[in-house]
Amino acid sequence: MKRKRMLLASLTLALAALISACGANEGNEVQTSKAPDSGASKASTTPSGSAGGTDDSFTIRIGAWFIDDRPFMQEFKVNVEKAYKEKYPNASIQWDITLGDTYADKLKAELASDTAPDVFFHQGKTAMFGEVGYLADLTEESWTAKLNPGTKSAYSYKDTVYALPMGIATSGIWYNKKIFADLGIEVPKSWADMESAFAKIQSAGLTPVAAGFKDVWTASMTFNLWMQPYGSESSPTYGKDLYEGKKRLDGPEVQAVMRHLQEMVEKGYLNKTALSIDWPQSAELFTSGKAAMIVQGPWMPGTAQENFQTKGHTAFGLGYFPFRTDKGYAKLSLGIDQSLSVNAKTKLPQQAKDLVGVIASPKVYGPFNVGSGTIPAIQGMQLDYPDPALNDLLQVVDETESGMGYETYLPASAMTSLVETFTKVASGIKFNPQDLTEAQKKLEKDKGTVILPAE
């Protein structure tokens, strides 16, 4: 499915906040390392004079975990404050920033005690907050009509928009353009093309693919990215079919991925240290020129530039392509790291919605996506990205079918079992289809824990 051209950027994303991690259900959006009431955020100051008047003096709070000292993050804060001052000259923004993993627990406690910020960033499915009444309805805001429908589960619940996704991230295969050019390798369009590329690279004395599966999230990400086209090729509703029992986790789709992984291991197409090194070490293997490819997220070009500068590696151009099936089919998984919502109990409902609207404006939202290396979830924005590697990613995103990952329909227990089997095969243990039985059992047993994505 071709999409209208959206422009994309250089990244320092810690989606690992992630991405962070690419788990299932609660954390199953490629993520980093993750309603109504007239009550109030207790730290807000109620405006004097007429409600919503632009001359009123008030302080509005915004909560976040990722806004640190990186230049583009500081620029984001400045852009938000400047644009908001244009609408509310006498307003002050209080940034409630708690860096790291403790933010999520702090936010949940604040929401439960009616002390949460007026506007706050969060991760995971919006349904997790929307179904308990913590989020204000944003459906009528002007920017909602432009949201990418492929990320619907990240911003809506029961056809109500509750959040602004700050950008779309997608991962895939990054490659060394110089190695490919020197060896006469074209960008693979099928699994047979991949095998041919692997063989040529190995014959040149190089490692075809660098992997750092000591970090389990990298194994999970790789498996899910690989499964996305194999599953979707068999059914456009593969994830839902798994949930409803029409497809099985021990079926031919998962088996195909496991057998291809086994083939890569047996032929030495992965580094022998795949299970003993972490993601930064695998990135160094790639940027040193010793490996021709790596499976990573949109932060890889930024990491490569940093390695070139700090580790003395000879710089090269990066290219990007997606996983493809035996028949050449590709489908990208879209993930959201940060989403922005309005506290349903804020005393400043209009001012809070206007703050989200300011952040959704091209002059604020655009530079944020450029800095973080993500695709705007608001369609139609024309952005200028400095890193040419991300232009390859942009082109692939423009030309390739995409959607939320199939894993959004799976309980965490089933995903854990699948990744355990994947890493087992990566370690050199021969794949046995019986190894997938446990994942199927966990899907059937724990499917009640799944918060189904919006459709």
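Start with the buried residues of α9: Glu 253, Val 254, Gln 255, Val 257, Met 258, His 260, Leu 261, Gln 262, Glu 263 and Met 264. Buried here means under 20% relative accessible area; exposed is over 50%, and partly exposed lies in between, with a 1.4 Å probe and protein chains only. Keep in mind that this is a predicted model, where local features need pLDDT of at least 70, side-chain atom pairs count only at pLDDT 80 or more, and totals for chains, interfaces and linings use all residues. Residues are numbered from 1 along each chain as its sequence is written, and side-chain values use heavy atoms, without hydrogens and water.

What covers those α9 residues? The cover includes α6 (191-203), β11 (207-210), α7 (216-234), α8 (238-244) and α15 (412-426). Contact means heavy atoms within 4.5 Å. Helices (H or I, at least four residues) and strands (E, at least two) are DSSP runs, numbered from the N terminus.

Now the helix itself. Just after α9, Gly 268 takes a positive phi of about 75°.

Next, strand β14, residues 332-336. Here 5 of 5 residues are buried. Leu 332, Leu 334 and Ile 336 point one way; Ser 333 and Gly 335 point the other.

Which strands pair with β14? Strand β9 (168-169) does, antiparallel, over 2 bridges. Strand β16 (402-404) does too, parallel, over 3 bridges. Pairing requires at least two DSSP bridges between the strands. Ile 168 has Ile 336 as its bridge partner. Leu 332 has Ser 402.
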